[in-house]
Amino acid sequence: MASGDDSPIFEDDESPPYSLEKMTDLVAVWDVALSDGVHKIEFEHGTTSGKRVVYVDGKEEIRKDWMFKLVGRETFCVGAAKTKATINIDAIGGFAYEYTLEINGKSLKKYMENRSKTTNTWVLHMDGENFRIVLEKDTMDVWCNGKKLETAGEFVDDGTETHFSLGNHDCYIKAVSSGKRKEGIIHTLIVDNREIPEIAS
């Protein structure tokens with residue numbers, strides 16, 4: 001009879017929650033902030049098997065086994081807006097590889113720099129919940145925790161206000177001119193008549 005140490009980990013043909021083989025070839029992980037939230041992109045590259053697997057938020061998006069060409073690219077979509085993402089696989093000598101992520105055709109760094117110019121993001125905690133609110137300045141769309149909100153725009157004396165609700169809280173984003181050409185328009189989130197500070201991007 002086997003001792004307790006020799007017994008199988010999983011009895012009655014139960015499979016483990018994650019395959020023990022999963023993620024053994026994990027070579028890159030990126031966190032990408034989009035309007036609908038921060039998405040985790042993971043990439044497995046089996047340099048001996050030619051395997052390529054892309055996960056977005058833990059869900060397998062692409063799986064290719066036995067690829068003979070070890071360099072190349074994998075393109076897929078991320079988030080509610082189906083933003084185009086591409087992982088580039090380049091050889092950097094011998095059996096070493098470099099993995100870079102592009103979002104909408106730009107390097108992740110360039111994309112995030114541009115995004116900080118085209119969006120404002122606020123994070124607040126109320127009613128026991130965390131809220132991540134994103135304003136897309138080019139469309140004036142407002143997102144909260146991954147969902148695009150219904151909004152109502154209104155012209156006021158010193159600019160515009162974009163009104164929406166979070167539960168039973170009245171909210172609006174006020175847009176006023178800074179008076180300086182380089183700064184442009186200043187967007188401020190007001191919740192229940194209280195200004196919420198923007199997070200640094």
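Helices here are DSSP runs of H or I with at least four residues, strands are E runs of at least two, and both are numbered from the N terminus. I'm working on a predicted model, where local features need pLDDT of at least 70, side-chain atom pairs count only at pLDDT 80 or more, and totals for chains, interfaces and linings use all residues. Residue numbers run from 1 along each chain as its sequence is written, and side-chain values use heavy atoms, with hydrogens and water left out.

Pocket first. I looked up which element gives the largest share of the largest pocket's lining, and H1 does, with 4 residues. A pocket is an open set of points on a 1 Å grid over the protein atoms alone, where a 1.4 Å probe fits, with protein on both sides within 12 Å along at least five of seven lines; lining residues have an atom within 4 Å of a point. I get 20 lining residues, with Ser35, Asn104, Tyr111, Arg115 and Glu136 nearest the centre. S6 and H1 are the elements that give two or more residues to this lining.

Next, H1 itself. I find Leu108, Tyr111 and Arg115 buried in H1 (under 20% relative accessible area with a 1.4 Å probe, protein chains only; exposed is over 50%). Down the axis of H1, its buried residues fall within an arc of 60° (taken from the directions from the helix axis to the C-beta atoms), so they line one face of the helix. The face turned away from that buried side carries the exposed Lys109, Lys110 and Lys117.

Last, Trp30. Beyond its neighbours within four places in sequence, I see Trp30 in contact with residues including Ile41, Ile87, Leu101 and Leu108 (heavy atoms within 4.5 Å).
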